[in-house]
Every structure is written in C-alpha cells, then in structure tokens.
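Take a moment to turn the model around before starting.

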Amino acid sequence: MSPVQRYSSISRLSGLVFLTVVGFFLPGGGAQAGECAASLGSIASLSAGLRTEIRTDDLQRLYSGAQGPCLWSSQNAAALIATLSKAGEQGLDPGIFHLGDIARLHGSPTDAALRDLLLSDDALRYARIMTRGQVDPTTVDSDIDFDIYPGDVLPGLKTALTDGDVSTWLAGLPPQQPQYAALIGLLAHYRALAAQGGWLMIEPPETSVKPGKSSPLVATLRQRLAAEGYLANAEGSDVLTGDVLAALKQFQERHGLDDDGALGKKTAAALNVSAAARAEQIALNLERWRQLSRGIPPTRIEVNTASATAALIVDQKPVLRMRTVVGARKTPTPLVRSDIRAVVVNPPWVVPVSIVRKEIMPALRRNPDYLEAHNMEWKNGQIVQAPGPKNSLGRIKFELHSAFDVYLHDTPARSLFNKADRDARARSHGCVRLEKPLDLAEKLLKANVNWPRERIEAAIEEGATQRVQMATDIPVVIAYWTAFADEDGAAEFREDIYGRDARLAAALPHGGEAAPAPGIGPVSMAPVSGAKVGACMA
C-alpha cells in the first residue's frame with residue numbers, strides 16, 4: 001500500500017474512531033470521572049502489552065493522589081480524541097495512538113479504568129512528540145549541538161486535567177512558529193495532489209532544451225507544471241518560451257536550481273519527484289521542527305544549510321536575507337543553536353590542524369613559498385593567516401560557541417554567491433560564509449553597541465584586528481530545512497544533500513508518514529561524523 005493510500009485508510013478509520021469514541025464520552029454515552037473501579041490497582045499489569053513508550057512511573061506520578069481512579073471527564077476526553085484523530089495533519093501516523101482500543105473498551109469497571117489509562121498514555125505521548133519529536137535527533141546524526149527540550153510534560157497535563165481545560169493545553173503543545181503552520185498547510189496540499197494522481201514524469205533529455213527551442217518534451221512539461229500550479233494553462237506550443245518558460249524559471253527558483261529556464265537533467269530530476277514524495281519530505285521537516293522548535297527564538301540569525309541561505313529574523317519577520325556558502329557533502333555544516341557574542345573586524349585565521357595536514361603540508365611540498373604567497377606564517381606551532389583582503393575569513397567574523405567550532409564569516413571568494421544553484425555553494429569545511437557580512441554587522445552592531453556602518457568601515461580600513469563585544473548576545477540557529485514555505489506561502493524544496501532526511505525517515509517508528517522518498521536525495525544510512533572541530537575554511 002502506498003503512503004497516500006495508507007494515509008487515506010488511516011484517515012477514514014480515524015474518523016470512525018473519533019465519532020465512536022466521542023459519542024461514548026458525551027453525556028449518557030459512557031463513564032464519567034469517578035465512575036471507574038474503586039482502584040486502578042497495578043498500573044503495570046493494566047498496561048501490560050500496550051504499545052507504549054510511556055514509563056509506568058510516569059503514570060504512577062500522574063495518578064498519585066488523585067481523587068478517585070479516573071482523571072478524564074467527557075469534555076477532556078473528547079478534546080484529546082479530536083486532537084489525536086487529526087494527528088495525520090501534522091505528518092504523524094494516528095496509528096501510534098490507542099484510538100481503536102479507546103473506542104473498543106467500555107462496559108465493565110475494569111475496562112473503564114484501562115480506558116482512562118490509555119487516554120493518559122496517549123496524552124503524554126502526544127505531548128512529548130509535539131515538544132521534542134518522535135525520535136531524539138542526536139541518535140540519528142552526531143553533528144548536532146542543539147538543546148533538545150528536556151521539560152517534563154506531565155505537570156502540564158495534570159494541571160489541565162485538574163482545571164478541566166485539556167483543550168487549551170493541547171493547543172499549546174505543537175511548535176508555535178508560523179513556519180510550522182505553513183508546512184501543515186503544504187502537507188495537506190501535496191497529499192491532495194498525490195491523491196488526485198500527482199503529475200506526469202518527464203524523460204530526462206540527452207541535451208538541455210534551451211529557452212526559445214522546440215521540443216516534444218515541452219508538451220509534457222506544460223502538463224507537469226500545470227499539475228503543481230505553476231502554469232495556468234497546460235495547452236500551448238512546443239517551444240520553450242512565454243508562459244511555460246516563466247513557469248519553469250519559477251520552479252527552478254523554488255527548488256534551489258539555476259533559474260536559467262533550460263530543461264536539463266538536474267531540473268528534470270526535480271520535476272520527477274512525485275507529489276507523494278514531496279508530502280513525505282514535508283512530513284520529515286515537520287518532525288524536525290518538533291525536535292528543535294523549543295530552541296528557536298522569534299528573533300535570531302537563521303542559516304538554512306539545505307538551501308545555503310541565511311536571514312536575520314526579528315519577531316518572526318525576516319529583515320535581511322542573503323546567500324551563503326556552507327559545508328560540502330563530505331564536510332557538512334552541523335546543526336547548531338548558539339549566540340553571537342562578538343564581532344571580529346579584520347580577523348586572523350588560525351588554520352585548523354586537519355587542513356594543515358591534508359591541504360597545506362602537501363602544498364608546501366609542491367611550493368616552499370606557499371605560506372608567504374598566502375600571507376601565512378608559523379606561530380606557536382600553528383599556521384596563522386594574517387588579516388587582510390585575502391584572508392580566508394574576509395574582513396568580518398561573527399563569533400559563536402559550539403561543540404564544532406563553526407562560525408559565520410566574510411570571504412574574499414565572492415563569485416560563488418552569484419550561483420543560484422545551492423549545490424554550487426556547498427564548498428566549505430563546515431563554517432558558513434556570508435554574502436552580506438557588512439550589512440549583517442551593521443544591523444547587529446548599530447543597535448547593540450552603537451557602531452554604525454561608517455565606524456565598521458573605518459575599522460576595516462585601519463587594518464588592525466578589533467574584537468567588538470556584544471552588549472546582548474544574538475541567537476543563531478543553523479538548521480536544515482529541505483521543505484519550507486516562502487514569504488508568499490508557496491512551497492520550496494531542496495535536495496537532501498547531507499542525507500539527513502533519509503536517516504530521519506529510517507529512524508521514525510514504522511517509517512511514519514515519511515519513508516525514504518526516491519528522487520529527494522542521498523539515502524546513505526551511515527551516521528554523519530560531523531564537521532571537524534575548527535575545520536572552517538573560506
């Protein structure tokens with residue numbers, strides 16, 4: 001059964017379960033709080049055989065001191081069931097909850113007690129998934145320096161049950177960032193497209209079809225672009241021009257490709273990713289938001305390594321955007337949550353040992369004058385490149401602390417920023433090179449320490465190294481979003497260049513609604529070793 005068929009079946013089943021169970025908990029439909037057996041007895045024996053990761057001691061803590069064994073009123077139970085029945089809308093498999101058992105168990109006092117236990121179990125499970133994901137990301141990839149939400153969700157549930165307002169508690173559990181809500185809408189859209197049959201596949205051309213050229217493939221291209229909403233009319237000539245050319249360029253732009261309007265093999269590969277696979281890709285990014293969202297503040301500098309872009313975001317609104325150069329496939333940029341504590345003007349570069357060993361020493365054997373030619377020298381057993389226009393860190397470095405010693409910086413190599421293709425900008429050893437470092441420095445320093453642009457430029461011109469301490473640390477998030485919504489709410493997708501999506505999909509329980517999707521990117525299941533400490537280079 002395909003993921004879309006599976007989802008449709010689950011949705012139909014969940015709807016029936018929802019109606020049955022809610023009807024049971026409505027007045028006159030079943031047990032009220034306090035009408036269970038005199039005691040739950042042994043929670044361990046009652047929960048034996050349940051498909052649950054909730055520890056028995058958590059349930060013991062929840063029920064300890066309760067007035068009567070049953071905690072769930074009709075209203076609270078209905079709110080929980082309604083939420084769980086719609087879990088598929090957030091990319092989850094509703095089958096991981098006990099909705100079927102809750103609907104089935106009724107009649108005897110023992111069943112009423114067990115039903116109450118299942119409701120509590122599901123509430124705790126849902127809360128943990130919403131606040132930290134289904135799986136711990138650090139067990140999937142090793143190059144993560146991100147605080148995973150450690151909070152105990154049980155007190156919140158206990159309070160909600162006592163206050164009789166589980167609905168409000170449930171609503172506050174999912175990530176509250178607008179990006180998460182946008183992905184939920186896109187997931188529904190692409191699942192609907194998949195259920196309608198998706199779109200035609202395009203035969204990869206032997207040679208690219210350039211703008212203005214005629215090809216039989218253009219007719220198929222028209223149908224393909226119209227199916228996803230890029231083109232209003234699938235009818236037209238077989239010449240790659242006009243409306244179909246504009247639609248193809250927009251498609252390329254939203255997939256991180258060179259928007260040259262040519263139908264080549266790389267563009268055809270992106271076009272041939274199915275609607276179902278795109279839905280699964282969105283579901284994986286929803287899971288990543290659940291894992292990391294508690295560490296993502298509304299004001300931050302956010303780097304998306306999957307798209308090789310960065311943005312300064314203030315109160316959830318981007319105020320500065322730019323392209324970046326990020327880690328190559330073999331030296332991926334890690335996932336990091338840190339803070340900018342200082343901005344260094346005219347930074348020296350202490351060359352990491354790994355780069356000295358692998359790159360500079362072989363270069364020295366070929367050319368004994370290599371260090372002098374690159375303004376480098378040995379200092380205290382290290383190779384250091386002096387500040388200047390040719391320094392690999394450029395003129396500005398944004399310091400942040402992480403286990404992987406990565407940071408954001410300028411670069412003298414500006415040509416890569418002219419390339420729209422994200423793959424062309426995966427060239428670093430792990431650090432992030434910025435297209436607009438001076439603009440970012442101006443926005444940070446002017447408000448933070450009263451350093452306007454003129455003062456920054458004057459400091460650069462002086463040539464001396466200056467470390468400007470921030471009065472207030474600026475949060476930095478280095479993330480990996482392969483599916484996201486643009487400012488207009490349209491879907492954007494990127495290749496899974498580091499294989500993180502594939503590994504996450506393999507780690508999800510039952511494969512979830514997000515099995516590895518052909519055409520999205522690498523499917524290697526080997527753990528990422530992580531960017532080497534200090535292994536940053538322009």
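## The chain as a whole

Please keep in mind that this is a predicted model. The protein chain has 538 residues, and 53% of them count as buried. Its secondary structure comprises 18 helices and 15 strands.

Among contacts in the protein chain with a separation of 6 or more, 71% join residues 24 or more positions apart. The accessible surface of the chain is about 22,900 Å², and carbon and sulfur atoms contribute 52% of that area.

For a closer look, find helix α10, residues 217–228, and helix α11, residues 242–253. Their axes lie 10 Å apart and meet at an angle of about 60 degrees. The angles that count as roughly perpendicular run from 65 to 115 degrees, and α10 and α11 are therefore described as oblique to each other. Their crossing is left-handed.

Which residues make this contact? From α10 come Val218, Leu221, Arg222, Arg224, Leu225 and Glu228, while α11 supplies Asp243, Val244, Ala247, Leu248 and Phe251. Sorted by class, the contact of α10 with α11 holds seven nonpolar and four charged residues, with no polar ones.

## Two loop residues with positive phi

Most residues other than glycine have a negative phi. Asn380 has a positive phi of about 55 degrees, although it is not a glycine. To find Asn380, look in the loop between β7 (376–379) and β8 (382–385). Is Asn380 buried or exposed? Asn380 has a relative accessible area of 84%, and the cut-off for exposed is over 50%, so Asn380 is exposed.

Asp405 is another residue other than glycine with a positive phi, near 55 degrees. Asp405 belongs to the loop between β9 (396–400) and β10 (408–409). With a relative accessible area of 34%, Asp405 is partly exposed.

## A strand residue and its contacts

The last stop is Val314, in strand β3, which covers residues 309–314. Val314 is partly exposed, with a relative accessible area of 33%.

What does Val314 touch, leaving aside its neighbours within four places in sequence? Val314 is in contact with Pro298, Thr299 and Val319.

Technical notes: Residues numbered from 1 in each chain as written. Predicted model: local features only at pLDDT ≥ 70, side-chain atom pairs only at ≥ 80, totals over all residues. Heavy atoms only, no water. Axes fitted to C-alpha atoms, helices over the stretch in contact; angles between N-to-C directions. Helix = DSSP H or I, 4+ residues; strand = E, 2+ residues; numbered from the N terminus. Parallel < 35°, antiparallel > 145°, perpendicular 65-115°, else oblique. Left-handed = near helix turned anticlockwise from the far one by under 90°. Contact = heavy atoms within 4.5 Å. Nonpolar A, V, L, I, M, F, W, Y, C, P; charged D, E, K, R; others polar. Buried < 20%, exposed > 50% of the residue type's maximum accessible area, 1.4 Å probe, protein only. Areas by Shrake-Rupley, 256 points an atom, 1.4 Å probe, with all protein chains shown as cover.
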